[in-house]
Amino acid sequence: IYTLSLHDALPILLLEVPLALSANSKNPSSPNRKNLLQLKTLDIGENKISFVTNESFSGLTKLYGLRMVDNRVNELPDNFCSSLKSLRVLNFGQNRLKRISNSAFAGCPELRALRLDKNQLEELPTAYAVQLPKLLWLNLTENQLKYINPAQLPPMLEWIDLSWNQLESLGDMYNKDDLSAVSTGASSSSSQLRVVDASHNNLTFLDYRSIPSTLETLRLNNN
């Protein structure tokens, strides 16, 4: 098995507990468990999953894509993806997220695309830049964010959607003195951003320092 899609299909009993594959079999070397541990993509979207833990995806070290869209998860705990060493795409859109632990993404440094849109986030963990050094694509639309800290932007980020939040300022997001405090191993003086969508916020002014030289598209309508 390389792809498993279980949206709209799981029994209620399974939906109410974490998906801890490593504990689902009395025989840890059983064929069924071995097959599951070879998964490359897992789709458990459109269910009623209400929480996850750092053991929820234990053993899925080869997982490339995880789709958890449209569930009821309200928090990403410490070391949430500690087992997901190979994860490249994570979709937690349209949940009920209010909090993300500072170490939630410490175990998935290969992540390239992250969806956190349509949640209830008011702030982001300060460790994003360090934990997600290869992130290219970040969707944060339709949350309740009022401020973006420069240290929260991963160094390789090229595309970010901040639309439909409550941002009052983009801030000095690319000041190299701020970014140099972030130990990313990459150059702190330059941004890789090409697309920024900050439409439908509460912006009243735009500082020139909020516009990196790499930017190709900037959306600011409906502010």
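This is a predicted model: local features need pLDDT of at least 70, side-chain atom pairs count only at pLDDT 80 or more; totals for chains, interfaces and linings use all residues.
Asn-143 counts as buried, at 5% relative accessibility. Asn-143 sits in the loop between β8 and β9.

What does the side chain of Asn-143 reach? The backbone oxygen of Leu-140, at 3.0 Å. A polar atom of that side chain also lies 3.3 Å from the backbone nitrogen of Gln-120. Leaving out residues up to four places away in sequence, Asn-143 touches Leu-116, Asp-117, Lys-118, Asn-119, Gln-120 and Leu-121, and also Trp-164 and Asn-165.

Asn-71 is in the loop between β3, residues 65–67, and β4, residues 75–76. Is Asn-71 buried or exposed? Its relative accessible area is 4%, so with the cut-off for buried at under 20%, Asn-71 is buried. Its side chain has a polar atom 3.1 Å from the backbone nitrogen of Ile-49. With residues up to four places away again set aside, the contacts of Asn-71 include Ile-44, Gly-45, Glu-46, Asn-47, Lys-48 and Ile-49. Gln-94 and Asn-95 are touched by Asn-71 as well.

The protein has 4 helices and 11 strands. Of its 223 residues, 47% are buried. Among contacts with a separation of 6 or more, 54% are between residues 24 or more positions apart.

On to the rings. How many aromatic pairs are there? The count is 4. One of them is Phe-105 with Tyr-128: the ring centres are 5.7 Å apart and the planes are at 70 degrees, so this pair is edge-to-face. Phe-105 lies in the loop between β6, residues 99–100, and β7, residues 113–115, while Tyr-128 lies in helix α3, residues 128–131. The pair therefore ties together parts that are 23 residues apart in sequence. Phe-105 is buried, at 1% relative accessibility, and Tyr-128 is buried, also at 1%.

Another aromatic pair is Trp-137 with Trp-159, and this one is stacked, with 4.5 Å from centre to centre and 10 degrees between the planes. Trp-137 belongs to strand β8, residues 137–139, and Trp-159 to strand β9, residues 159–161. Those positions are 22 residues apart, and the pair links distant parts of the chain. Are these two tryptophans buried or partly exposed? Trp-137 is partly exposed, with a relative accessible area of 30%. Trp-159 is partly exposed too, at 24%.

Last, the surface. Which residues make up the nonpolar patch there? Leu-206, Ile-211, Leu-218 and Leu-220, with about 270 Å² of accessible area together. Ile-211 is in the loop between β10, residues 195–197, and β11, residues 217–219. At 37% relative accessibility, Ile-211 is partly exposed.

To go back over the main points: Asn-143 and Asn-71 are buried loop residues, and the side chain of each has a polar atom by a backbone nitrogen, that of Gln-120 at 3.3 Å and that of Ile-49 at 3.1 Å. The Phe-105 and Tyr-128 pair is edge-to-face, and the Trp-137 and Trp-159 pair is stacked.

Methods
Residues are numbered from 1 along each chain as its sequence is written. Side-chain values use heavy atoms; hydrogens and water are left out. Helices (H or I, at least four residues) and strands (E, at least two) are DSSP runs, numbered from the N terminus. Buried means under 20% relative accessible area, exposed over 50%, partly exposed in between (1.4 Å probe, protein chains only). A polar contact is a pair of N or O atoms within 3.5 Å; within protein, one must be able to donate a hydrogen and the other to accept it, and residues adjacent in sequence count only if both atoms are side-chain atoms. Contact means heavy atoms within 4.5 Å. Rings of Phe, Tyr and Trp (its six-membered ring) pair if their centres lie within 6.5 Å; planes under 30 degrees apart count as stacked, over 60 as edge-to-face and the rest as tilted. Patches are made of residues with over 30% relative accessible area and no salt bridge: like charges are joined within 9 Å, nonpolar side chains (Val, Leu, Ile, Met, Phe, Trp, Tyr) within 5 Å. Accessible areas come from the Shrake-Rupley method with a 1.4 Å probe; for residues, only the protein chains shown count as cover. A salt bridge is a side-chain nitrogen of Lys or Arg within 4 Å of a carboxyl oxygen of Asp or Glu.
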